[in-house]
Amino acid sequence: YEPAGSARTVFADTKGHWSEKYAVYLNIQGVINGVIKDDGVYFYPTKHMTRAEFAVMLTNYLGLSTVDFSHIELPYADIEKIPKWAMNSVAAMYVHKAFLGKSVSDSLIFDPDAPITRAQVMTALGRTLPKGMGATEINFFDSSDIPEYAVDYVGILVNAKVLTGYTDGTIRPNLNVQRSEAVKMLYGLY
């Protein structure tokens with residue numbers, strides 16, 4: 001075990017970025033890899049994370065073998081849009097009830113290329129935690145903006161100190177998550 005702040009970054013674009021230690025740690029743990037280019041490996045910390053990318057990241061965090069989920073039939077109407085590299089992770093997250101899909105026009109979709117929102121990340125993370133973890137009262141200025149499906153999970157993650165919100169007292173649940181924010185939240189579970 002090596003403390004997150006002491007490892008040398010493998011990503012060409014995280015040096016000095018506030019998320020560097022989280023990205024390095026999750027890379028060492030095998031949770032994230034980055035994109036290989038001619039001049040290095042890139043994490044793209046300010047890019048929005050897609051739902052498919054987060055499904056892969058969360059599957060890796062949980063240490064699930066994606067091969068175990070290759071036979072799962074998914075109920076999503078947009079299954080042909082799920083990239084091959086993410087398909088088994090999406091199936092794993094469906095089986096583990098971390099991702100249940102989105103209802104759109106009487107259809108259940110996964111929406112793999114859509115940016116994932118903070119509330120969706122918090123919900124997926126909360127669903128993977130052991131049952132019985134207690135929630136705490138949510139006291140953010142924008143608590144009323146938290147979608148109903150996410151409220152209990154936000155309370156659990158706040159109680160576990162995985163989420164602290166922004167310095168202005170908000171949690172901004174409906175904002176799209178940057179890749180840097182996703183690794184910070186996931187790092188908080190270690």
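Predicted model: local features only at pLDDT ≥ 70, side-chain atom pairs only at ≥ 80, totals over all residues.
How many nonpolar, polar and charged residues does the lining of the second largest pocket have, by class? I counted five nonpolar, two polar and three charged, with Ala, Val, Leu, Ile, Met, Phe, Trp, Tyr, Cys and Pro as nonpolar, Asp, Glu, Lys and Arg as charged, and the others, Gly among them, as polar.

Notes on the source. Residues are numbered from 1 along each chain as its sequence is written, and side-chain values use heavy atoms, with hydrogens and water left out.

Confidence. I looked up the chain mean, which is 91, with 96% of residues at 70 or more.

Second largest pocket. I used a 1 Å grid over the protein atoms alone; a pocket is an open set of points where a 1.4 Å probe fits, with protein on both sides within 12 Å along at least five of seven lines, and lining residues have an atom within 4 Å of a point. I noted about 200 Å³ of space here, the volume being the space filled by probe spheres set on points joined across faces, edges and corners. Among the lining residues are Trp18, Arg118, Tyr166 and Glu181. α6 gives the largest share, three residues; helices are DSSP runs (H or I, at least four residues), numbered from the N terminus.

Largest pocket. I found a volume of about 330 Å³ and 14 lining residues, with Asn33, Gly34, Glu53, Val56 and Arg179 nearest the centre. α2 gives the most to this lining, four residues.

How values were computed. pLDDT = per-residue confidence, 0-100. Helix = DSSP H or I, 4+ residues; strand = E, 2+ residues; numbered from the N terminus.
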